[in-house]
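The walk-through comes after the display.

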Amino acid sequence: MTNKTILADSKAIIKDREGISAVWLVPIIALIFGAWLIVKAVSDRGTFITIQFESASGIVVGKTQVRYKGLTAGIVRDVEMSENLQSVIVEIEMISSSKKMLTDKTRFWYVTADVSFQGVTGLDTLLSGSYINVMPDFEEEGEAKSHFIALNEEPSLDQATPGLHISLKTKTLGSLGKKAPVLFKQITVGYVAGVNYEENSDLININLFIEPKYASLVKENSRFWNASGITVSGSLTSGIKVHTDSLASVIAGGIAFGNSDFEAEMEHATNGQSFTLYSDYETANMGHEIQLTLNWNSGIDRGAAIMYQGLTLGKITDFTRIDPLGRIIVASAIINPRIIPYLTSDSQFFVVAPKLDLGGITNLHTLMLGAHIGIRPSVDGEPLNEFNVYNQKPAYQYDEPGLHLVLKAKDVGSLTTSTGVYFKQQKVGDIQAIENIGPSEFLVHVFIQPKYKHFVSTNSNFWNAGGLRITGGLQNFSIQAQSLQSVLAGGIAFDLGKENQDIIPKNGDNFQLFTNKEVAKQRSVFNLHIENSQSISTKTRIMLRGEEIGSVHNIIHQQGKTILQVGVLPNYEFILREKSQFWLVNANLSLSGITDTDALFGGAYISVNVGEGKKASDFIVTDLPPAKHLSSAGLQLSLTAEQGNVVNPGSPISFRGVVVGQVDNVSLDKTGINVAISITIDEDYRHLISNFTRFYNASGITLSGGLGNFILKTESADAVLKGGISFFNPEIQAKQSHVNEGEKFTLFDNINHAELAGIAIEIHFNEISGLKSNLKIKYHDQQVGVVSRIRFDEQGFGATVYAFLDDNGRKFAVADSKFWFAKPELALVGSTNVSAILDGGFIGLIPGKGEPSQRFKAKDIAPVLTTLPSGLNLALSANSLGSVRVGNPVLYRQVKVGRVIGVDLSSTADRVNVYINIFERYAPLVSQQSKFWNTSGIHIDAGVFSGVSIDSESIETLLAGGIAFATPEVDENETFQAAEQGQLFNLASMVDEEWPTWQPKIELAQ
Amino acid sequence: MSNKALSAGLGNCPQCHKLNVMHTEKQACSRCKTLFFARKPKSIEYTLAWTIAALVMFIPANIYPMMVFYTLGKPDASTILEGIAIFIQLGMLPVAIIIFIASFVVPLGKIIGLFTLMYSSKKPTKLTLKQQGKLYHIVEFLGPWSMLDVFVVTVMAAVVNLGFLTSIEVASGITYFTLMVVFTIFAAESFDPRLLWDNHQKHNHNTVTPYKEYKNTDDKCHDK
């Protein structure tokens, strides 16, 4: 039964709607949708490619994407090992639109996080996972490929990238790496795209990429240099500089470039152009290369700078050739292109090295920085690129402004190049070079600075002024030096030459270089011939009367003879006359005296007698002084002396210090006893000599005698040293007569004798003890004469004393004068002649009256003095002398008013006469009634009952004794009667009690 | 005699469930006056349509990813099966099983079940009536529960939104999955299980089911 039949009584006929219901749309739509999905999935299905990687670390199937410019271009679908198990094959599904770009030019590489000094890249992969980057082939030129090999790293920048692609060539990479920045004025304008090594050229090629907007900065002549790291440069002049380009370049290295200011602007660089990479900024800026040939020990090393006036112009980059055989080293250097115009054949290169010598330290900066090369540029000459480097600064060329002279020298001593040339101790130039042209010949090239040029005249003398010059003999001692520098390092000095010379020397003029200043001054040159030149050297002096006037410049030995080239000071040119005589003087040393101290201290010398005649320049030197013609100019005299070695021929005769003549000859006189000294007094001084003139030996040191003979010269020490003969003119009223040629004079031993030689007397002594020459003759303690010599009696025991009385004492040479020998006496009660202790006694004199006499007999004892010229002379008579001595005081009221002047026996010899002298002022004290008593010593009176009384007048009387007196008062009606001269009184031995009580009032003169 | 109501000329009102005397295939219920059919018209047709649609949608639902996990900006899309695989890889086997059952087996089972039911309503099957009925009930019951998966995805997409760190977005797969589930629901809804009885009776009319015969005790017709 169908449904329809079951249904009962259906009222309507219901028909089902036929046909497919609309619900079928749903599945249909679903199917369509699904089909569309399928179609879409199929059509979207990308290209499958395989890429070979070294390792699949980080590659996740289904997750790891292939990206291009950050957009997903594909996705890894499968990873599996390659067949040889060495690499990994990754299957990638790329988006379908990339199919055409997958050619053999397409590059794939794996990008993962990379943190290194080059930079930090790919950090996004830490979050998003590493991915594979693709560089598709834009031009779609290659063949289609489906299997690729991934690159190990990002490929170099494609040339097609807009911007500038250039390459740099360099030998060493330094610290440059990929992505190192390229800097222009410290702005990063690009980076290093890649680095590779070209084998055939042995250079490293660095590819640079400059961003488009900076591409125009690179010109064809831009220079690139390695700006990596920190550059520390320093010099003494510029200080230390620390320089970096940018922090990135410090760490990562970098390349900087720049354009030269002074070079022309050129076109922009184009793609593919090649440049050189210089190692640093300096090198880059010096573009020009030159070759320098260095000497063997120049001391120049790689990197040595080439400097001019302290500016660095370039530097040595490398040595291209080292030749041990030829002993040269060729180096290549780079120079700032600015000085290319100065690189000519006239320019000179030389090594500047530190010089340490006594003259100072020059080129101090090179001690720190090493030797460098200096340049003396010149614009003349042809341009050159190869130069020789001298080891030291070459001499100035003559065209350098200034004066260039050539000096000839036999010996350069301590002179070296760059030693100074001095004028009046100011440095005016220096030595440029010293050439050795022979065994003893040097040419010294000097350069005088322009502003001092005019100091040099054609007559200037140049001498070697180095070191200390100690000159002089005993009378003049001098130390000379030009400057401390010249002391240590030597130098050349010069003088103006003759005055008023307008001739300026030219460049290249020749001069002579003398060994020292003195020699330079001795310009008058002549020759001396000598047989025996043993004691002669180039320092041997030529002396004229004790003055040094020249020296031997040169000794030439020739055929057994010796020729001396001698120079004398120009002032003394007058000696060069035909008749002048030269002889050699040696020092003479003997026990009795040293003559000619000059020769002793200064060495043998050559002395000259000036003669007359024509001018001559050749002379013979004799060993002995020659005899002199009487006809020679000047007053010739003969002196008689006992000893001959007081003077030498040639010794000067001086008067009051001025040389007025000379000793010609010393020889024994005819008798053989004395020495005759021939002297010549110059014409000019003739008038000084009179017959009273006394000549004396003023030379040297005479050693003789003892205490009594110590001579204190009143002349200066100069005269002691200088020696020679002097003379002395006494002041005599008598008329002076003319002196004849050849007249004889005595030569006194010393000035003392000469001064005292008034009149000669003879005194005969019986007693000879204490007598010696140079004893003084004294009158009242005044020296009036001196003993010249003593001659012992041939029979008997006496001696005759030959003495002089000086001009004052002349008047004592009368018959009555008494002479005696006074010895010093030291006694308790009276010391007499104490001064004679030092002198050793003297000869006393009491003048008398009478006829002039010259022969005397000396008294044995001193005569008694009875009167004095002034004061009151009295005589006292006593029993015995007691302790009264000559010199005892005479006391009045214990005040010394006079003294005892003499004691003697009375004429009848029964009493003692004491002669006293009261001083003028106290003379009124003595009256005719005065009493005198002996107060010597102490009176000690002792008695049993009276006790002891000690009594003395004064200390003096205590010690030495004395005489006292008292004067009684005068009664009123009596007058005071003064004592008379020579009055005789009695000398009491003791004082009376009454006498001291007298107190008369006596007026004394004031 | 079958035990179908229709065999007794009766029909059930789907609304008030009053057993009505069916006079026509389509009549109003005597009680609630709802028009109803004795048997759903074109039930098989509709069911078939919907099932086919669901089947068609099933394919993209499994091919296309359900949702996309964005971790640190990195997208990680996964389909149902991929997700299951991930959970198995992660070692979360129970979760994987659950998802597998819920997102794969159940929908597929539903579709297969529906086809089976449709087949059963036309051709003789080995399944007993009881089994067929059970099958229908299961299908009908589980249908909506498949939407749970969709809700999970949507809730996750809404909740897991930690910005760049982690975020979830729905992908196209969920759309298809939803459509599939909806279609199976419609399919199940369109299917009239009474057809099973009809078919069974038709092919097994010889079989007398030991059901009680119910007599219509209600003599009086209350639907006047």
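This is a predicted model: local features need pLDDT of at least 70, side-chain atom pairs count only at pLDDT 80 or more; totals for chains, interfaces and linings use all residues.

Residues are numbered from 1 along each chain as its sequence is written, chains are lettered from A and ligands numbered from 1 in the order in which they are written, and side-chain values use heavy atoms, with hydrogens and water left out.

Chain B comes first. Seven helices and seven strands make up its secondary structure, where helices (H or I, at least four residues) and strands (E, at least two) are DSSP runs, numbered from the N terminus. Along the sequence these elements follow the order β-β-β-β-α-β-β-α-α-α-α-β-α-α. Chain B has 224 residues, and 39% of them count as buried; buried means under 20% relative accessible area, exposed means over 50%, and partly exposed lies in between (1.4 Å probe, protein chains only). A contact is defined as heavy atoms within 4.5 Å. Among contacts in chain B between residues at least 6 apart in sequence, 64% join residues at least 24 apart. The accessible surface of chain B is about 12,700 Å², and carbon and sulfur atoms account for 68% of that area. Accessible areas come from the Shrake-Rupley method with a 1.4 Å probe; for residues, only the protein chains shown count as cover.

Part of the surface of chain B is a nonpolar patch made of Leu81(B), Ile88(B), Leu93(B), Ile97(B), Phe100(B), Ile101(B) and Val105(B), with about 570 Å² of accessible area together. The elements that give two or more residues to this patch are helix H2 (80-90) and helix H3 (93-120) of chain B. Patches are made of residues with over 30% relative accessible area and no salt bridge; like charges are joined within 9 Å, and nonpolar side chains (Val, Leu, Ile, Met, Phe, Trp, Tyr) within 5 Å. H3(B) gives the largest share of the nonpolar patch, five residues. Val105(B) lies in helix H3 of chain B and, at 35% relative accessibility, counts as partly exposed.

Turn now to the strands of chain A. Seven strands form a closed barrel in the order E19-E22-E21-E20-E26-E23-E27 (chain A), and the pairing is mixed. On average, neighbouring strands of this sheet are turned by 35 degrees against each other, direction ignored. For such angles, axes are lines fitted to C-alpha atoms, for helices over the stretch in contact, and angles run from 0 to 180 degrees between N-to-C directions. Two strands count as paired if DSSP finds at least two bridges between them. Strand E19 (residues 288-294) and strand E22 (residues 328-335) of chain A run antiparallel and are joined by seven bridges. Within E22(A), Ala333(A) stands opposite Ile290(A).

How enclosed is strand E58 (residues 842-846) of chain A? Four of its five residues are buried, so E58(A) is largely enclosed by the rest of the structure. Strand E54 (residues 776-779) of chain A runs parallel to E58(A), with two bridges between them, and Lys778(A) stands opposite Gly844(A). Strand E57 (residues 818-822) of chain A pairs with E58(A) in the antiparallel sense over five bridges; here Ala822(A) has Phe842(A) as its bridge partner.

Elsewhere in chain A, Asn133(A) sits in strand E8 (residues 131-135). Asn133(A) is buried, at a relative accessible area of 16%. Leaving aside residues up to four places away in sequence, Asn133(A) touches Arg67(A), Tyr68(A), Lys69(A), Arg107(A), Phe108(A), Trp109(A) and Val111(A).

Lys169(A) lies in strand E10 (residues 164-170) and Glu198(A) in strand E12 (residues 187-198) of chain A, so the pair ties together parts that are 29 residues apart in sequence. Lys169(A) is partly exposed at 21% relative accessibility, and Glu198(A) is partly exposed at 24%.

In chain B, the side chains of Arg39(B) and Asp198(B) form a salt bridge with an N to O distance of 2.8 Å. Arg39(B) lies in the loop between strand E4 (35-37) and helix H1 (43-63) of chain B, and Asp198(B) in helix H7 (residues 194-203) of chain B, so this pair ties together parts that are 159 residues apart in sequence. Arg39(B) is buried, at 6% relative accessible area, and Asp198(B) is buried at 14%. A salt bridge also links Arg194(B) and Asp192(B) (3.0 Å, N to O), and both of these residues are buried.

Note on methods: A salt bridge is a side-chain nitrogen of Lys or Arg within 4 Å of a carboxyl oxygen of Asp or Glu.
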